[in-house]
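Hi,

Here is the structure I promised to hand over. My notes follow below it.

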Amino acid sequence: MLRLKVLTFDVNNTLIKVRNSVGQQYAQVASHFAVKVNADELGKAYRALYKEQNKKRPNFGAESGITSEQWWGEIVHKSFQQVGYTEENTLAKISAKLYEDYKHASSWHVFPEVKEMLKFLNKNGVCLGVISNMDERLIPILQETDLAQHFAFILPSIQAKCHKPDPKIFQQVLDRLRIPAADCAHIGDNIEKDYYGAKGVGMNAFVIDRDKTLRQQHDDIPKEQFLQDLTELENKIFQEIK
């Protein structure tokens, strides 16, 4: 008998990951426009700017009156400017291509066990959904990676108008499904956003910890709540959640 009726998933670094590092991808696209930059330096600039942008204009601009493409464009422009390239017309072209490229499966890698495990969960009658801090490209990404068919619903944060760990994004799902939180579990790779975000509304939660580093850093979370990959869900859905 199923102990969990609904499973929701994070996407990035849970079901899929970027095929190349962001620095490599940015540098590769730049090379199409005869722009040569150091991928490592570009990646370092990107990471700092992403954090800054996410703090300044959360949820891909949804709460700031700009589009997600503009939101990402600001990061791209500033990243290249920090490594010494400032030609605006070319940066606009690089930014537009990057935004489009990340919409397609060629930019993403699906973790090996994911498709078979989603099929197994579908076959066993578990309702599956997605709750992810992503922009509107999430649905075409999941369609192109052949994952969308497994989900009853896909909720990107930009559509929800709130983002994890805000309990409102999890509550939206519970309200729509009219199901008790105790019958649901969320799976993701981020302790604060996924684990504690879901637990905050009474859902069960599991942490994807593919390299087994998070479980070593978080004694506050029971070890059985960590998963090395999705195949370990098979035992979890048929046993009592602690």
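Which residue in β6 is the bridge partner of Leu 7? Ala 185 is. This is a predicted model: local features need pLDDT of at least 70, side-chain atom pairs count only at pLDDT 80 or more, and totals for chains, interfaces and linings use all residues. Residues are numbered from 1 along each chain as its sequence is written, and side-chain values use heavy atoms, with hydrogens and water left out.

The sheet. Helices (H or I, at least four residues) and strands (E, at least two) are DSSP runs, numbered from the N terminus. Strands pair if DSSP finds at least two bridges between them. β1 (residues 6-9) and β6 (residues 184-188) run parallel, joined by four bridges. The open sheet has six strands, ordered β5-β4-β1-β6-β7-β8, with parallel pairing. β5 (153-156) and β8 (226-227) are at the edges; each has a single partner strand, so one side of each lacks a neighbour in the sheet.

Helix α5 (residues 114-123). Its buried residues (under 20% relative accessible area, 1.4 Å probe, protein chains only) are Val 114, Met 117, Leu 118 and Leu 121. They share one side of α5, because their arc around the axis is only 100° (taken from the directions from the helix axis to the C-beta atoms). The face turned away from that buried side carries Glu 116 and Lys 123, both exposed (over 50%). Cover for the buried residues includes β1, β3 (108-110), β4 (127-132) and α11 (233-236). Just after α5, Gly 125 has a positive phi of about 80°.

Best wishes

Definitions and conventions. Contact means heavy atoms within 4.5 Å.
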